[in-house]
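Morning, everyone. Let me put one structure on the screen and walk you through it. I'll keep it short.

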Amino acid sequence: MEKWIGKVAIVTGASAGIGEGIVKSLAKSGIHVVGLARRSEKVDEYVQQLGKTPGTIYSHKCDVSDLQSVKEAFKWIEEKFGFIHILINNAGVAYKMQILDEADVTEKIDSILKTNVSGLVYCTREAVRLMKKADDYGMIVNVGSIVGHNIPFRPNSLNMYAPSKYAVTAVSEVLRQELINQNNQKIRVTNLSPGHVRTDMATPSNVDPDEYYATKSVLMPEDVALTINFLLETPVHVNISQLTIKPVGEQF
Ligand SMILES: NC(=O)c1ccc[n+]([C@@H]2O[C@H](COP(=O)([O-])OP(=O)(O)OC[C@H]3O[C@@H](n4cnc5c(N)ncnc54)[C@H](OP(=O)(O)O)[C@@H]3O)[C@@H](O)[C@H]2O)c1
């Protein structure tokens, strides 16, 4: 991780779950991290508990599904740092519903697409602009999902979530190609597809989480953070364009 010490990373969806794990891990490696989330106060809370880290953690309020909010956040980042080196597009939402529900689910459908797809693209456009200003090596990791590659039989929960993750898979490759087309050899793009990770998103609200997970194969947010470290540690001429991480025993 030495080559990234002192560099600047942006992590979206930093207030909980996988994003929180990534923020903490990057900061422990000496990278300065800006954690973006709507509940940015949650980032401040865990930073206070964590104490001093080799890299400094900053929080900033940002709703990635709102273009103005993204532009404002990256303006703040540009004013503070001038440029950046790493973007982890992690913010995402999921809802328990079906596309064909009789109740009106259009708001949820829009929320999934605006957050998981458009928001990722808005943040990437701003981040690449600031990576180019750095004229240094850069890395973008899009947190997709294994359901962005195959659809298991789960008609109650996949709704527009799985299609949004297929879009993340496709956007990642399109970005890689556009960067090549711009003759940019410095910014790498990875679509990182985790299986089941123990977070609020993946845990039903009506269960005791310890009991629920006692018999399940599941990753922890720290495992995903470790995978990001692995990506960052690869030589700069290596672009792992797709990486899947599953807990041992995951059946899908
Ligand atoms: N958990 C799994 O099993 C699993 C598996 C594969 C992939 N993933 C993906 O991993 C990513 C993180 O999920 P998680 O499991 O860590 O879920 P989580 O615990 O629910 O965390 C989701 C994060 O996304 C943020 N977020 C949601 N909407 C946002 C918006 N409009 N603007 C900014 N931030 C927003 C939330 O922050 P605020 O609410 O504070 O804004 C929160 O920090 C998602 O992209 C998810 O699809 C999860």
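**The ligand and its surroundings**

Start at Gly13: one of its backbone N or O atoms sits 3.0 Å from an oxygen atom of the ligand. That is a polar contact, meaning a pair of N or O atoms within 3.5 Å; within protein, one must be able to donate a hydrogen and the other to accept it, and residues adjacent in sequence count only if both atoms are side-chain atoms. Val197 also takes part, with a polar backbone atom 2.8 Å from an oxygen atom of the ligand. Then Cys62: a backbone N or O atom there is 3.5 Å from a nitrogen atom of the ligand.

How much of the ligand does the protein bury? Alone, the ligand exposes 880 Å², and the protein buries 94% of that. Those accessible areas are Shrake-Rupley values with a 1.4 Å probe; for residues, only the protein chains shown count as cover.

A word on the source. This is a predicted model, where local features need pLDDT of at least 70 and side-chain atom pairs count only at pLDDT 80 or more, while totals for chains, interfaces and linings use all residues. Residues are numbered from 1 along each chain as its sequence is written, and side-chain values use heavy atoms, with hydrogens and water left out.

Now the shell. The ligand is surrounded by 31 residues, each with a heavy atom within 4 Å of it. The closest are Ser15, Arg38, Asp63, Tyr161 and Thr199. By class, the shell has 14 nonpolar, 12 polar and five charged residues. Here Ala, Val, Leu, Ile, Met, Phe, Trp, Tyr, Cys and Pro are nonpolar; Asp, Glu, Lys and Arg are charged; the others, Gly among them, are polar. Helix 1 (17–28) and helix 5 (161–181) each supply at least two shell residues. Helices are DSSP runs of H or I, at least four residues, numbered from the N terminus.

**The cysteines**

Back to Cys62. A disulfide needs two cysteine sulfur atoms within 2.5 Å. The whole structure has zero disulfides. Cys62 is buried at 4% relative accessible area, and Cys123 is buried at 0%. Buried means under 20%, with a 1.4 Å probe and protein chains only.

**Thr115**

Last stop: Thr115, in helix 4 (residues 106–134). Thr115 is buried, at 11%. A polar atom of its side chain lies 2.7 Å from the backbone oxygen of Ser111. Not counting residues up to four places away in sequence, Thr115 touches Val64, Ser65, Ala91, Gly92, Val93 and Leu120, with contact meaning heavy atoms within 4.5 Å.

Technical notes:
Buried < 20%, exposed > 50% of the residue type's maximum accessible area, 1.4 Å probe, protein only.
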